[in-house]
Amino acid sequence: MADEWTIGRLLEWTTGYLQEHGSENPRLEAEVLLAHARSCQRIELYTTFGELADEKLRREFRELVRRRAEGVPVAHLVGHREFFSLDFRVTPDVLIPRPETEFLVLAALDQLKARDDAQPASLADVGTGSGNIAISLARHAPRVRVTALDISPAAIGVATDNANRLGVSDRIEFLVSDLLAAVGQRRFDLIVSNPPYISRAEMQDLPRDVRAYEPELALFGGETGIETIERLATQAAERLSPGGSLLFEISPMLQQPVERLLAQAPAWTDVRIVKDLAGLARVVHAKRP
């Protein structure tokens with residue numbers, strides 16, 4: 001790099017560099033990384049385009065950009081990711097929250113608002129990861145009682161830390177559990193999940209930054225992708241109160257096999273699909289009669 005680089009020139013050069021290395025959002029990633037190196041909010045960069053970047057900032061920024069070009073996810077480099085307007089700490093032990101999963105949170109909030117029961121609703125978040133779903137629901141539905149479960153003790157640690165930072169730790173119980181195994185005979189009004197749903201064949205086609213850096217435990221759903229979903233549906237049918245609902249995220253490619261799976265199970269009624277803004281199947285709703 002030249003001796004004198006402004007914030008604007010750094011962003012312009014880095015955007016092109018990351019694009020050459022396969023980034024789908026090179027400008028956004030450049031801004032997030034530079035804001036992290038500069039210890040400022042991303043929006044603050046827009047008022048400093050003409051400001052000179054000193055050697056210390058350029059050195060730290062270059063290292064972040066180098067690692068991103070090698071495939072390390074931006075969320076791992078900066079240590080956090082925004083989800084549902086909340087800031088979540090993330091590590092390689094948890095799946096990085098995706099915007100698509102916000103449709104699951106919205107669908108769950110709709111279910112909670114539709115309840116006419118005066119009692120607080122009980123909710124289980126299966127495979128909580130960073131806690132993004134459980135914590136978002138606790139923040140936006142203050143009366144809900146949440147149990148967040150994950151098979152990974154490390155993930156439970158990250159989720160617990162996020163709940164503490166975001167002020168909802170008093171309303172969320174975190175348990176290490178293989179799906180719903182650890183809840184015993186307890187029943188819930190609503191069960192939500194972003195379960196592993198990537199098939200064996202699809203695992204090989206995932207982007208490098210997902211395949212190499214995110215936990216396979218949170219991605220691989222079985223040979224066909226629905227094996228974990230099938231286990232979840234079976235357990236949820238036994239753990240839901242009468243009239244309770246199961247909501248879970250899917251890949252659009254799994255819509256038909258998942259619909260067939262639930263249609264063949266007498267435990268479920270009112271099976272329907274919630275589509276995302278692109279018109280793709282994203283969330284499955286099923287109700288216990």
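1. Two strands count as paired if DSSP finds at least two bridges between them. Keep that in mind for this predicted model, where S10 and S11 run antiparallel and are joined by 5 bridges. Within that stretch, Arg272 sits opposite His285 of S11.

2. Zooming out, there's an open sheet of 7 strands with mixed pairing, and its order reads S5-S4-S3-S6-S9-S11-S10. The edges are strand S5 (172-176) and strand S10 (269-275), each of which pairs on one side only. On average, neighbouring strands are turned by 15° against each other, direction ignored.

3. Have a look at H11 too. This helix packs on the sheet and touches S9, S10 and S11. The direction of H11 makes about 5° with that of S11.

4. Now the inside. The largest nonpolar core has 35 residues, and the members touching the most others are Leu180, Ile191, Phe248, Val258 and Trp268. At least two residues each come from strand S3 (122-126), strand S6 (188-193), helix H10 (227-239), strand S9 (240-249), helix H11 (255-263) and strand S11 (281-287). H10 gives the most, with 5 residues.

5. Leaving aside residues up to four places away in sequence, its contacts are Ala124, Val126, Leu180, Ala236, Arg239, Leu240, Ser245, Leu246 and Leu247.

6. As a general point, nonpolar side chains in soluble globular proteins tend to be buried together.

Technical notes
Residues numbered from 1 in each chain as written. Predicted model: local features only at pLDDT ≥ 70, side-chain atom pairs only at ≥ 80, totals over all residues. Heavy atoms only, no water. Core = buried A, V, L, I, M, F, W, Y, C linked by side-chain atoms within 4.5 Å. Buried < 20%, exposed > 50% of the residue type's maximum accessible area, 1.4 Å probe, protein only. Helix = DSSP H or I, 4+ residues; strand = E, 2+ residues; numbered from the N terminus. Contact = heavy atoms within 4.5 Å. Axes fitted to C-alpha atoms, helices over the stretch in contact; angles between N-to-C directions.
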